[in-house]
Amino acid sequence: MSTRIAFLKGHGTENDFVIVPDPQNVIDLPPSAVAALCDRRAGIGGDGLLHVVRSAAHPEAKGMAAEAEWFMDYRNGDGSIAEMCGNGVRVFARYLQRAGHVGEGDLTVATRGGVKTVHIAKDRDVSVGMGKARLPEGDVTVSVGEHSWPARNVNMGNPHAVAFVADLAHAGDLYSPPPFSPASAYPDGVNVEFVVDRGPRHVALRVHERGSGETRSCGTGACAVAVAAARRDGADPAATGVPATYTVDVPGGTLVITERPDGEIEMTGPAVIVAEGEIDAEWLETYAR
């Protein structure tokens, strides 16, 4: 390991990430090291970490190398591995652009949730093809204190429980994972979105992301919310034949989600790199043992 390790810091609608470029996958990043880097007091601070690796150099991504040169090895803030992060993909693409690996236009990014198509627009927004949602059957309930609500089970490559509430304050502090039932619905935990209506095809959310707590934004969560809202509103594109577009306000900004009749979902929003620097490798090694 070199004496210094390069890093950047970025965010998408204030869902923030530590970015570690490592094209050849030589930096050891066990969960303890990731959690230390994401610590907001003792580390750099972030909701998660974007480990930037060439697909051909990572055992989990070699099979996608022909479709996507770069693999987003995404980790939650506690060091655990996640399948996908929609805001993370946009910030990942912005880093690739900043580093000169890609330009404006289309590219592909490999993730544990599959290969994602990305478009970097001239207006600086980034769009991501998020794939199709899966809607597992079965009733789900989420709770906060004495309140409980029915929730829609939506899988965007990672699991979500979407609950429509009267007031976002009902979500509580969201420091701890909101209880859900049945436990069998989410054996590996779940991201929970609490949603209110703001107007026609316009909603707002708060979210508890598993492994991170409440975050300022969740891209896959915004997609799950738009899908759940479209089904609730009788606007399922597969049934109507018309795309459904929802504006989704998150605490950190606004995302625009469109679901097409073929089920494909596109998310559009900002992605910003705010800083770059170096990590002391000796410090990091104390957490990598």
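**Salt bridges and cavities**

A network of salt bridges links Lys 9, Asp 16, Arg 40 and Asp 47. The model is predicted. In total the structure holds 18 salt bridges, and a search of the whole structure finds two cavities of 30 Å³ or more.

**Salt-bridge pairs**

- Glu 69 and Arg 54 form a salt bridge, with the closest N and O atoms 2.1 Å apart. This pair links distant parts of the chain, since Glu 69 sits in the loop between strand 3 (48-54) and strand 4 (70-76) and Arg 54 in strand 3, 15 residues apart.
- Glu 69 is partly exposed at 44% relative accessibility, and Arg 54 is partly exposed at 26%.
- Asp 73 and Arg 112 meet through their side chains in a salt bridge of 2.6 Å, N to O. Asp 73 lies in strand 4 and Arg 112 in the loop between strand 5 (105-111) and strand 6 (114-120), so the pair ties together parts 39 residues apart in sequence.
- Asp 73 counts as buried at 1% relative accessibility, whereas Arg 112 counts as partly exposed at 22%.
- Glu 214 and Arg 206 also form a salt bridge (2.8 Å, N to O). Glu 214 is partly exposed at 30% relative accessibility, while Arg 206 is buried at 15%.

**Cavities**

- The largest cavity holds about 60 Å³ of space. Its lining has five nonpolar, four polar and two charged residues, and includes Glu 209 and Arg 210.
- The second largest cavity holds about 30 Å³. Its lining has seven nonpolar, one polar and one charged residues.
- Helix 3 (219-232) gives the most to the lining of the second largest cavity, with four residues. Strand 15 (244-250) and strand 16 (253-259) each supply at least two.

How values were computed. Residues are numbered from 1 along each chain as its sequence is written. This is a predicted model: local features need pLDDT of at least 70, side-chain atom pairs count only at pLDDT 80 or more; totals for chains, interfaces and linings use all residues. Side-chain values use heavy atoms; hydrogens and water are left out. On a 1 Å grid over the protein atoms alone, a cavity is a set of points where a 1.4 Å probe fits but cannot get out, and a pocket is an open set with protein on both sides within 12 Å along at least five of seven lines; lining residues have an atom within 4 Å of a point. Grid points are joined across faces, edges and corners, and a volume is the space filled by probe spheres set on the points. Ala, Val, Leu, Ile, Met, Phe, Trp, Tyr, Cys and Pro count as nonpolar, Asp, Glu, Lys and Arg as charged, and the others, Gly among them, as polar. A salt bridge is a side-chain nitrogen of Lys or Arg within 4 Å of a carboxyl oxygen of Asp or Glu. Buried means under 20% relative accessible area, exposed over 50%, partly exposed in between (1.4 Å probe, protein chains only).
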